[in-house]
Amino acid sequence: MWMRGGTSKGLYFLKNDIPTDIEKRRDFLLSVFGSPDTLQINGVGGGNPLTSKVAIVSKSKRPNIDVDYLFLQVAVDKYVVSSRQNCGNILSGIAPFALERGLIKPEKDKTTIRIFMENSKQVAVSTVETPNRNLTYEGHTYIDGVTLPGAPISLEFLDIEGSLCGQLLPSGSAKDEVDGYSLTMIDNGMPCVIIEADQLGLKGNETGEELEKNTLVRDKLEGLRLKCGKIMNLGNVQEKTVPKMTIVSKPLLKGMINTRTFIPHKCHQSIGVFGAISVATACLLEGTPANNVAAIPSGEKKVCSIEHPSGQMQVLVDLVNKKIKSTAILRTARKLFDGVVFPDDNSLKES
């Protein structure tokens, strides 16, 4: 099934429908998406990391869990399929897909599904609209980056600190100096390196196209990413999609903070769900560069509005004694196509 989840698009598969062998699965997915090719012209990919994503879903055998979800990022111009990270946008389509495929029976009015995220071994709780026990995609909820409204999908995340790095602050510090730059290395669902725009000679309001043309900034960000990756317990990240590099500045639209994120080499048209959560967390930690420029909302239940190139994303943070108890986010999803996708047999033979 082809679905839009949040501000991404991807193919959703039942686990039993695709190869289980990792190498055969990689070859199959690269062929289906048409990679490596910047246009992905010989496959269903859209020539962008945001449209080159995969969800693999199965009924869970784990206690108190409904479905298992594995996310895979299919590279556009490289022969790579990565399982090193979560994707919160594609996650927003998991509950609807599970209902569509009959893995879960819908409840009256709303259905809550507990999802085990295999990439990080953590749990997300997704609540979708099921009036009269019927799944609906229609609604009045807008999210920036999507032109039309849809039914709200609530995603609550439990204990996602150190999802890939082992701890919230992998270096043990809220602020580090790397190559003379002050930055924060953080992982609250997504490993991110957060750096202020002015340190890179930027204002923070640059478009993604402007940033991608700035080879000096891109080279500096990649150099920092490679060094920070090792510090963050991610090893050699040259061929990995994490950590994400996030440039922050003072809010421009009355939000909490303004961002520009590289994923890892293209500038994100918005910001990923887990990336937004990691940025919001950094803003709330004293001593981080993000905390210095953020407009922190009051109260223990905070609505943290993360500005990005196409609007804002609201992260709901529940604090207890100044510590984060849980985070939640509101997304929408939509079924686009349900059918059969064909790999290129020649591609599979060559590999």
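This note goes through a predicted model point by point, from the whole chain to single residues.

1. Basis. Local features are taken at pLDDT of at least 70 and side-chain atom pairs at pLDDT 80 or more, while totals for chains, interfaces and linings use all residues. Residues are numbered from 1 along each chain as its sequence is written, and side-chain values use heavy atoms, with hydrogens and water left out.

2. Overall dimensions. For 351 residues, a compact globule would have a radius of gyration near 20 Å, and the chain agrees with 19 Å (taken over C-alpha atoms; the rule is 2.2 Å times the number of residues to the power 0.38). The C-alpha trace spans about 50 × 50 × 35 Å along its principal axes.

3. Surface and contacts. The accessible surface is about 15,800 Å², and 49% of this belongs to carbon and sulfur atoms (Shrake-Rupley method, 1.4 Å probe; for residues, only the protein chains shown count as cover). Of the 351 residues, 55% count as buried (buried is under 20% relative accessible area, exposed over 50%, partly exposed in between; 1.4 Å probe, protein chains only). Among contacts with a separation of 6 or more, 62% come from residues 24 or more positions apart (contact means heavy atoms within 4.5 Å).

4. Secondary structure. The chain has eight helices and 17 strands (DSSP runs numbered from the N terminus: helices are H or I with at least four residues, strands E with at least two).

5. E6 (residues 109-117) runs antiparallel to E7, with nine bridges between them (strands pair if DSSP finds at least two bridges). The two form a hairpin with four residues between them, and Lys121 in the turn has a positive phi of about 60 degrees. Arg114 stands opposite Val125 in E7. E7 also runs antiparallel to E8 (residues 153-158), joined by five bridges, and Ala124 has Phe157 in E8 as its bridge partner. E7 (residues 122-130) is mostly covered, with seven of its nine residues buried.

6. Aromatic rings. There are three aromatic pairs (rings of Phe, Tyr and Trp, the last by its six-membered ring, with centres within 6.5 Å; stacked under 30 degrees between planes, edge-to-face over 60, tilted for the rest). In one of them, Tyr12 and Phe97 have ring centres 5.7 Å apart and planes at 45 degrees, so the pair is tilted. Tyr12 is in strand E2 (residues 8-14) and Phe97 in helix H3 (residues 94-100), 85 residues apart. Both Tyr12 and Phe97 are buried.

7. Charge over a ring. Arg62 lies over the face of Phe116, at 3.8 Å from the ring centre (the criterion is NZ of Lys or CZ of Arg within 6 Å of the centre and within 35 degrees of the ring normal).

8. Leu211. This residue is in helix H4 (residues 208-213) and is buried, with a relative accessible area of 1%. Beyond its neighbours within four places in sequence, Leu211 contacts Leu202, Glu206, Arg218, Arg260, Phe262 and Cys267.

9. Backbone points to check. Most residues other than glycine have a negative phi, and most peptide bonds are trans. Cis peptide bonds join Ser35 to Pro36, with omega about 0 degrees, and Ile263 to Pro264, with omega about -10 degrees. Arg133, in the loop between E7 and E8, has a positive phi of about 65 degrees and is partly exposed at 48% relative accessible area. Asn321 has phi near 55 degrees and is exposed at 68%; its place is the loop between strands E15 (311-320) and E16 (323-331).
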